[in-house]
Amino acid sequence: MKKKTSLLKRLVLAALAAVMAFSLVGCSAQRVGSILPVSLVYRYVQGGCSDGQYIYVALNDGKKADSKSVIIKCNPSNMRVVATYKNLKFGHGNDLCFNTSTNELIVVNSSPDGRLLNIYDASNMSLKEVVTLSKSVHGLTYDADQDCYYGAVSGATQFVKLDADFNIVETYAMQPCDDTKQNLDLIGDYLCFLRYDDNLIEVYTKDGEFVKNVDVPLDAYEPEFVCHIGDTVYIGCNLLTYTGGCVYKMDISSIGMKTLAQYGIDAEDLEALD
């Protein structure tokens, strides 16, 4: 379980959250482009992620077991497809995660077995291995600074930190939430968990401190994934007719997701407050 955070550090984080919440005023989303169904079969938008240059999106036939799936690689400026990878075998594909250190694209199966991760060579989308975790997860993101992963635990209000070999090293409690749990992304210094129904992003620090909720102003869609490239946050959505989807973007500063450094806070100094 997570270590106890000092009162001083909690006060610093609370003050930072107040500043961030103030910067949320006027938050809006701008449509980037459509996620077109690859065929009448591959029309349900599932997980998505970015490699820092392109956006990857999983589409399938809507099944949670034995689903037929493809992954498309898209230009983030207009969501035009630059590559399509077919005949991929994974489960629901609730999230995608890109490891920039190994150039691997990781698919979170989610169901029927949420412990399974399919690891692909991103250069040609060949399957390298299937990893079995000790806990089921519905979302996964990579932290290049620490060479580790963070995963959203299925069926629980928890997230976990995993080492480079996918061993769980820390478990963190989260606030209760009745919304449908989608994916997560590490944006700046913050873990962002996407939720459907109330359409929001839950923001946490890496050591498990809740920061705030960010409203996602896309009530006409089902948000499926959040990812980012530079200072731009992308939200991938299903159309409610489940015939493809669309992607919206928001500036990081408009939703208060600046890094600690941008607020003049040194991460090592903050850690020393424990």
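Strand 15 (residues 190-196) pairs with strand 16 in the antiparallel sense over 6 bridges. Strands here are DSSP runs of E with at least two residues, helices are runs of H or I with at least four residues, and both are numbered from the N terminus. Two strands count as paired if DSSP finds at least two bridges between them. Within this pair, arginine 195 has leucine 200 of strand 16 as its bridge partner. The two strands form a hairpin with 3 residues between them, and aspartate 197 in the turn has a positive phi of about 105°.

Strand 16 also pairs with strand 17 (residues 210-215), in the antiparallel sense and over 5 bridges. Here the bridge partner of leucine 200 is aspartate 215 in strand 17. Strands 16 and 17 form a hairpin with 4 residues between them; glycine 208 in that turn has a positive phi of about 90°.

## Burial of strand 16

How many residues of strand 16 are buried? The count is 6 of the 6 residues in strand 16 (residues 200-205), so the strand is largely enclosed by the rest of the structure. Buried means under 20% relative accessible area, exposed means over 50%, and partly exposed lies in between (1.4 Å probe, protein chains only). Both faces of strand 16 are covered: Leu200, Glu202 and Tyr204 are buried on one side, and Ile201, Val203 and Thr205 on the other.

## Basis of the model and confidence

This is a predicted model, in which local features need pLDDT of at least 70, side-chain atom pairs count only at pLDDT 80 or more, and totals for chains, interfaces and linings use all residues. Residues are numbered from 1 along each chain as its sequence is written, and side-chain values use heavy atoms, with hydrogens and water left out.

The pLDDT, the predictor's confidence in each residue from 0 to 100, averages 85 for the protein, and 81% of the residues score at least 70. Among the elements, helix 1 (residues 7-22) has the lowest mean pLDDT (49), and strand 6 (residues 95-99) has the highest (98). Over residues 14-26 the pLDDT is below 50, and this stretch has 22 contacts in the model beyond near neighbours in sequence. A contact means heavy atoms within 4.5 Å. Where pLDDT is low, the predicted coordinates should not be read in detail.

## The sheet with strand 1

An open sheet is formed by 4 strands in the order 1-20-19-18, with antiparallel pairing. Strand 1 (30-35) and strand 18 (221-229) stand at the edges with a single partner strand each, so one side of each is left without a neighbour in the sheet. Neighbouring strands of this sheet are turned by 25° against each other on average, direction ignored.

Strand 1 and strand 20 (residues 245-251) pair over 5 bridges in the antiparallel sense. Glutamine 30 has lysine 249 in strand 20 as its bridge partner. Valine 32 lies in strand 1 and is buried, with a relative accessible area of 15%. Beyond four places in sequence, valine 32 touches residues including Met79, Tyr234 and Val247. The C-alpha atoms of valine 32 and methionine 79 are separated by 6.9 Å, although these residues are 47 residues apart along the chain.

## Whole protein

The secondary structure comes to 2 helices and 20 strands. Of the 274 residues, 52% count as buried. Among contacts between residues at least 6 apart in sequence, 45% join residues at least 24 apart.

Methods:
Axes fitted to C-alpha atoms, helices over the stretch in contact; angles between N-to-C directions.
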